[in-house]
Amino acid sequence: MHSANLQLNGEDKLKHFLTIDGLKREVLTRILDAAEPFTEESQRTVKKLPLLTGTVICNLFFDTSPRLQASFEVAAKRLSADVLNLDINIPATSGDETLLDTLRNLEAMHVDLFVVRHPDSGAAHFIARHVAPHVSVINAGDGHHAHPTQAMLDMFTIRRYKEEFVGLRVAIIGDVLHSGVARSQILALNTLGTSEVRVIGPPTLLPTDTRTLGVHVFHDLEEGIDDADVIILLRLQKERMNSALLPGGQEYFRLYGLTGERLQAAKQNVIILHPGPMNRGVELDSKVADGPRSVIPQQVSFGIAIRMAIMSMTIETQQVTGK
Amino acid sequence: MTTPRNLRIANGRLIDPANGIDETCDLYVTDGRIHAVGEPHAGFKPDLTINAEERIVCPGLVDLSARPREPGLEHKGTLRSESRAAAKGGITTFCCPPDTDPVIDTPAMAMLVRERTDGIGLARLLPLGALTQGLEGNRLSELAALQQAGCVALSNGEYPLANTRVERGVLEYASTLGMTVMLRPEDHHLRNNGCVHEGPIGSRLGLPGIPGAAETVAVARDLALAEYTGCRIHFRGLSTATSVPMLTQAHTQRLPVSADVAAHQLHLTEMDIEGFNSQCHVNPPLRSLLDRDTLRHGVSQGVIGAICSDHQPHEPDSKEAPFPSTQPGISALETLLPLTLKLVEERILTLSQAIARLTCGPADILGLPYGRLSIGSSADICIFDPEANWQLTARDLVSAGHNTPFLGWEFTGRVTHTLLEGRIVYDAG
């Protein structure tokens, strides 16, 4: 079964949001457009919209990520949905109850939308295949496979500052191998017509056959960010440092840390994105993080708007097809 | 089951690669043994005649690796259910890896599985003894005792020996007993937590990969130790292109080394995992098209002497989870012959080669007297209709495990009768 079929109904409307893979440019643009009005909501005094009154959204996190969960929760609440937060640690589920049983149990509580985060690649697809037909699934990160809402908020941010994707040179720096975020970003950037997507990192942190993902590969930072319009930094997980893949954070910073000096290689008006949480002194120095080229704080608020857009789109599709 | 004393299998096309026979003639069986080919001895009166007109009559298939799951994992399969599946697939002899629960590391366990299977009487099970106690890779099992209890070879199951000193020890010890050691060529550390081939598809899906080098490194290491110890080794389940020339080289050096490949590795590739298809989660993983084609070439050249089922039945729950959390393996006894015949259709193998890789090929690897229709040998016979077209459905499967990526595939060639020691153990009717 191709993932695109699973995500879309017969009229190309989103019923699940699992991956960028297989989605056309129009669908991505529709998501970005739908998020636009929601960015204004946060400026108003009454922040709630009555769009999803009476629906139940369940944050099903098998892999803790408090900030991400908060972002989804705020998005759901702004749409007036009821929110159920479930942190499930894996040993408990694999020991006693299968993932399918957990799902059936929660479905019985009349959940309309599951936001799923799971350490296994493909988990969101698996859940989408097994939920009742009227229920939506949004992937909030499945292993190293995909993190499509994060990628879409990054696209939203880029569009805000650069307007068009055509003509842009985007450089992604860091641990692509273990990053669903990077895979989703690469797919989204290419689908939206970005002129050149580059990835930069040590070979130990890049997947085999990286080029087949549709990117140019660089192992040297300055060379890679040369003339870049957008730089996206990836988070370096603690467990990757001091391993067989990497000697440590300091060495990483020496080779791939973004500093004001190195930033000279990029375009004057370059913007810098980071999915957070940042490791200052590893992925970038504080001057860059807090400097004029950073749009990292804006990403967080755009994240809520994008998630509001995707939640309302998927639930709307399911309500229309369900009836 | 019918047990005729004198049996005539009439007018079939007899293909017995071990004896260089490929002709239309009768086959005669007396008291469970091959009595004559072509003309019977004077006074032979058949109690039963099987009309094999337009059928192929060949030796019963010999499978170097099939897991019946009993004892220990009866919710996945039992000796009875999987013996039935073997008989339906034309397989009369199969080797059972030692990773049962408890492990086959004692003579008592080896005898238990053999006797239980003999009692059922639908297929012949040959146990593989555990190389190390509990398959833990540290201490040798009582290999001589295992041999006496009927273990035809030794293996550490799916747990490759990580310690080369232990490996050297087991090979030296086994060589004095004249036993073959089956090795899963896989470097434990390079495998890490991988579940798919490390390649473009795995990279895109973000699934942890197992590099082809995990096999190359192990093959090189095992060959070096085989040469050093003089032990006869067999590579169980090759998956990469690079292994094939290494094996050819070893044959040139006259090292006592052999290899097999699972039938699914000759048909599927990494592309089949697309959409997180857990039915294609196997170990070793499905690799690239080049790997598949080189393995096919290796089989046709005879460098890889046997095709096996690598049968691993599962209950549905084992495959109902996100891909990395599913269990690897395919329920494969009933597709071993059809998948191999597909290689004949695709002109990779001649019919005689195909049958050889399923009969005398695997039997010779372990020095077994099966997989041939020599006069006096056990009347283990497979009769199939080479023209029958059929589609695999879950309802067809008699194995307890319905986990197969081949549901819906169309095949040509289907078993009509299977005989074990002259007894009809399967009759399609």
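In chain A, the C-alpha centres of domain 1 and domain 2 are separated by 26 Å. The contact between these two domains draws on 29 residues of domain 1 of chain A and 25 residues of domain 2 of chain A. The structure described here is a predicted model, for which the predictor reports an ipTM of 0.90 and a pTM of 0.93 for the complex. For chain B, the mean pLDDT is 96, and 100% of the residues reach 70 or more.

The division of chain A assigns residues 3-146 + 303-322 to domain 1 and residues 148-300 to domain 2. Between them, domain 1 of chain A and domain 2 of chain A bury about 2,200 Å², with 64% of this area on carbon and sulfur atoms. On the side of domain 1 of chain A, Ile20(A), Leu32(A) and His144(A) supply 29% of the area buried against domain 2 of chain A, more than any other three residues. Three salt bridges are found across this interface of domain 1 of chain A and domain 2 of chain A; a salt bridge also joins the side chains of Glu36(A) and Arg160(A), with an N to O distance of 2.9 Å. Ten residue pairs are in polar contact between domain 1 of chain A and domain 2 of chain A, both residues being at pLDDT 80 or more. The elements giving two or more residues to the side of domain 1 of chain A that touches domain 2 of chain A are α2 (25-41), α3 (66-78), β4 (136-142) and α12 (296-322) of chain A. Of these, α2(A) gives the most, with nine residues. By class, this side of domain 1 of chain A has 14 nonpolar, eight polar and seven charged residues.

Chain B is likewise assigned two domains, with domain 1 spanning 6-57 + 378-427 and domain 2 spanning 60-365. The contact involves 37 residues from domain 1 of chain B and 45 residues from domain 2 of chain B. The C-alpha centres of the two domains of chain B lie 26 Å apart. The area that domain 1 of chain B and domain 2 of chain B bury between them is about 3,100 Å², 66% of it on carbon and sulfur atoms. Within domain 1 of chain B, the residues losing the most area to domain 2 of chain B are Val398(B), Asn403(B) and Phe406(B), which together account for 20% of what that side buries. Two salt bridges are found across the interface of domain 1 of chain B and domain 2 of chain B. Arg124(B) and Glu421(B) form a salt bridge in which the closest N and O atoms are 3.2 Å apart. The polar contacts between the two domains of chain B number 19 residue pairs.

Between the chains, the contact takes 21 residues from chain A and 16 residues from chain B. The area buried between chain A and chain B is about 1,500 Å², with carbon and sulfur atoms giving 55%. In chain A, the greatest losses of area to chain B are those of Asp120(A), Ser121(A) and Thr208(A), together 29% of what that side buries. One salt bridge is counted between chain A and chain B: Arg204(B) pairs with Asp21(A), the closest N and O atoms being 2.8 Å apart. On the side of chain A that touches chain B, α5 (99-107) and α6 (123-130) of chain A each supply at least two residues, and the largest share, five residues, comes from α6(A).

How values were computed
Residues numbered from 1 in each chain as written. Chains lettered and ligands numbered in written order. Heavy atoms only, no water. Domains from an automatic or database assignment. Contact = heavy atoms within 4.5 Å. Buried area = accessible area lost by both parts, 1.4 Å probe. Salt bridge = Lys/Arg side-chain N within 4 Å of Asp/Glu carboxyl O. Polar contact = N/O pair within 3.5 Å; in protein donor to acceptor, adjacent residues only side chain to side chain. Helix = DSSP H or I, 4+ residues; strand = E, 2+ residues; numbered from the N terminus. pLDDT = per-residue confidence, 0-100. Nonpolar A, V, L, I, M, F, W, Y, C, P; charged D, E, K, R; others polar.
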